[in-house]
Amino acid sequence: MSNDFPLRKIIHVDMDAFYASVEQLDNPDLRQKPVAVGGNELRGVVSAASYEARRFGVRSAMSGILAKKKCPDLIFVKPRFDRYKEISKQIRSIFYDYTDLVEPLSLDEAYLDVTVNKKGNPSATLIAKEIRDRILKETGLNASAGISINKFIAKVASDVNKPNGQKTVNPEEVQRFLEELEIRKFYGVGKVTADKMYGLGIFTGKDLKGKSLAFLEEHFGKSGSYYFQVVRGIHNSPVKPHRIPKSVGAERTFNENLSSEIFMLERLEHIASELEKRLQKSKIAGKTVTLKIKYSDFTLNSRSKTLPYFISDKKLILETAKELLYQERLQNSVRLLGISLSNLNTEKKEQPKKENETVSYQLKFDF
């Protein structure tokens with residue numbers, strides 16, 4: 001058993017139905033009503049749904065048409081990202097009152113390492129409660145939180161008592177918590193992977209833990225090692241205050257499906273211009289250009305090309321995107337196009353991880 005496992009006090013804060021809640025906050029007429037941000041009953045995709053809408057089965061990434069069928073009284077609202085960013089900045093300023101170790105994942109969620117914190121409070125549970133109370137008082141919005149020894153468990157725990165709740169998984173509770181957890185609730189296990197695991201007789205964390213590393217790598221490739229470790233509570237990734245993006249992209253969903261490549265090239269030029277602005281603003285360049293195509297039947301296709309040099313110029317990005325567009329014949333009319341750049345000049349090589357690492361917990365580590 002290893003005794004040098006880095007035991008931390010990590011909080012994962014996740015805003016409850018953030019975009020939809022902001023819309024309900026700013027417009028009292030929307031409160032306690034089913035709201036979808038983005039899309040409409042004719043086309044488009046739902047970006048976020050209020051809890052009133054979720055009761056009908058409306059979810060993010062669902063088509064507006066299907067969402068309206070599930071919830072006939074659904075109210076569609078156009079997203080206001082400037083407003084969401086404004087409130088997100090306000091929320092993050094609260095986080096920094098407690099620790100500088102804040103890792104934002106998106107506008108509505110972040111990890112905080114409060115092992116050592118600015119308040120000198122030894123209880124991560126009490127800090128999480130205080131942060132949630134302040135968010136409600138200062139923004140009028142609810143947040144949920146998960147508290148545990150690493151980022152993986154904290155993120156899983158934040159979903160347990162949603163909305164407007166929190167869950168602490170103490171060191172001595174980690175193994176039982178993970179063993180009892182349904183496999184689809186493991187962060188990193190999507191629907192396709194969950195279905196595959198069901199076919200292999202893996203329904204809970206306990207089932208997953210019973211499989212050998214060799215078995216998991218055989219069936220899940222490189223992800224097998226990840227599953228083998230996290231089900232044992234091993235996740236050594238620290239909270240990274242300055243997250244380095246692995247890719248930068250821009251995309252557009254069209255009001256009408258495109259079937260002409262001429263119109264697509266026109267749209268790609270606008271997308272490449274937007275991508276160039278984002279790259280220059282962040283002083284980032286990359287080698288791998290990826291073209292994303294979503295067809296009218298919602299199937300996705302991506303095509304990539306890696307260049308021998310870093311680029312950030314619109315002309316070179318567009319030239320490569322055009323080449324990728326003509327690489328294969330289009331399968332259908334197109335509703336969305338996107339261009340992203342990866343293999344960035346900001347990436348650093350990671351230190352190799354130890355395999356088959358086991359862990360013991362310091363049971364007196366106060367949460």
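**Close-up views of a predicted model**

**View 1. The lining of the second largest pocket is made of 16 nonpolar, 7 polar and 11 charged residues.** Welcome to this predicted model, which we start exploring at a pocket with a volume of about 1300 Å³. Among the 34 residues that line this second largest pocket, Asp 14, Arg 54, Ser 60, Asp 159 and Lys 162 are the closest to its centre.

View 2. Which element gives the most? That is E1, with 3 residues.

**View 3. Helix H4 (residues 81–95) crosses helix H5 (residues 124–139) at roughly 140°.** The two axes come within 10 Å, and the crossing of H4 past H5 is right-handed. On the H4 side, the contact uses Ile 87, Gln 90, Ile 91, Ile 94 and Phe 95; on the H5 side, you will find Ile 131, Arg 134, Ile 135, Glu 138 and Thr 139. By class, this contact has 6 nonpolar, 2 polar and 2 charged residues.

**View 4. Arg 134 sits in helix H5.** Leaving aside residues up to four places away in sequence, Arg 134 touches Ile 94, Asp 97, Tyr 98 and Thr 139. Its relative accessibility is 21%, so Arg 134 counts as partly exposed. For a sense of distance, look from Arg 134 to Met 62: they are 72 residues apart in sequence and 32 Å apart in space, C-alpha to C-alpha.

Methods:
Residues are numbered from 1 along each chain as its sequence is written. This is a predicted model: local features need pLDDT of at least 70, side-chain atom pairs count only at pLDDT 80 or more; totals for chains, interfaces and linings use all residues. Side-chain values use heavy atoms; hydrogens and water are left out. Axes are lines fitted to C-alpha atoms, for helices over the stretch in contact, and angles run from 0 to 180 degrees between N-to-C directions. Helices (H or I, at least four residues) and strands (E, at least two) are DSSP runs, numbered from the N terminus. A crossing is left-handed if the near helix is turned anticlockwise from the far one by less than a right angle, and right-handed if clockwise. Contact means heavy atoms within 4.5 Å. Ala, Val, Leu, Ile, Met, Phe, Trp, Tyr, Cys and Pro count as nonpolar, Asp, Glu, Lys and Arg as charged, and the others, Gly among them, as polar. On a 1 Å grid over the protein atoms alone, a cavity is a set of points where a 1.4 Å probe fits but cannot get out, and a pocket is an open set with protein on both sides within 12 Å along at least five of seven lines; lining residues have an atom within 4 Å of a point. Grid points are joined across faces, edges and corners, and a volume is the space filled by probe spheres set on the points. Buried means under 20% relative accessible area, exposed over 50%, partly exposed in between (1.4 Å probe, protein chains only).
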